Amino acid sequence: MAEGKVETKKRKTSPGEFARQVRAEASKVVWPTRQETVQTAIFVSILVLILSLFFLGIDSLFGAVVRFLLTLA
């Protein structure tokens, strides 16, 4: 065995035990309420709209600058 390397043995988990562990972990999940979900969806939609308008403006500005520079050539 290489110096400084620690070998750990992993215990194999049976499918039944795995299913029980998954069920136990899933029961710990805290799901958002309907109101929280709607508020988050509205917030995300507004941010997407604002960012899309911002990038449309930046893209249009750069496009205009490039068209202007091409007329000089």
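The side chain of Ser45 reaches the backbone oxygen of Ala41 at a distance of 2.8 Å, a polar contact in the sense of a pair of N or O atoms within 3.5 Å, where within protein one atom must be able to donate a hydrogen and the other to accept it, and where residues adjacent in sequence count only if both atoms are side-chain atoms. Ser45 lies in helix H2, helices being DSSP runs of H or I with at least four residues and strands DSSP runs of E with at least two, numbered from the N terminus. With a relative accessible area of 48%, Ser45 is partly exposed, because buried means under 20%, exposed means over 50%, and partly exposed is what lies in between (1.4 Å probe, protein chains only).

The model is predicted, so local features need a pLDDT of at least 70 and side-chain atom pairs count only at pLDDT 80 or more, whereas totals for chains, interfaces and linings use all residues. Residues are numbered from 1 along each chain as its sequence is written, and side-chain values use heavy atoms, with hydrogens and water left out.

The protein chain as a whole contains two helices and zero strands, and buried residues make up 0% of its 73 residues. Its accessible surface comes to about 7400 Å², of which 68% belongs to carbon and sulfur atoms; such areas come from the Shrake-Rupley method with a 1.4 Å probe, and for residues only the protein chains shown count as cover.

An unreviewed UniProt entry annotates residues 41-70 as "transmembrane region"; the positions are given in the numbering used here, feature names are shortened, and annotations may be inferred rather than shown by experiment. In the model this segment, residues 41-70, is 100% helix and 0% strand, with its end C-alpha atoms 43 Å apart.

Helix H2, which spans residues 34-72, also holds Phe43, a residue that counts as exposed at 53% relative accessibility.

The structure holds one aromatic pair. The rings of Phe54 and Phe55 have their centres 5.1 Å apart and their planes at 70°, so the pair is edge-to-face; rings of Phe, Tyr and Trp (its six-membered ring) pair if their centres lie within 6.5 Å, and planes under 30 degrees apart count as stacked, over 60 as edge-to-face and the rest as tilted. Phe54 is partly exposed at 46% relative accessibility, whereas Phe55, with a relative accessible area of 51%, is exposed.

Two salt bridges are present in the structure, each defined as a side-chain nitrogen of Lys or Arg within 4 Å of a carboxyl oxygen of Asp or Glu.

| Salt bridge | N to O distance |
|---|---|
| Arg20 and Glu17 | 3.2 Å |
| Glu25 and Lys28 | 3.1 Å |

Arg20 and Glu17 both lie in helix H1 (residues 15-27), three residues apart, which is about one turn of the helix. The side chains of Glu17 and Arg20 also make a polar contact, at 3.2 Å. Arg20 is partly exposed with a relative accessible area of 47%, and Glu17 is likewise partly exposed, with 26%.
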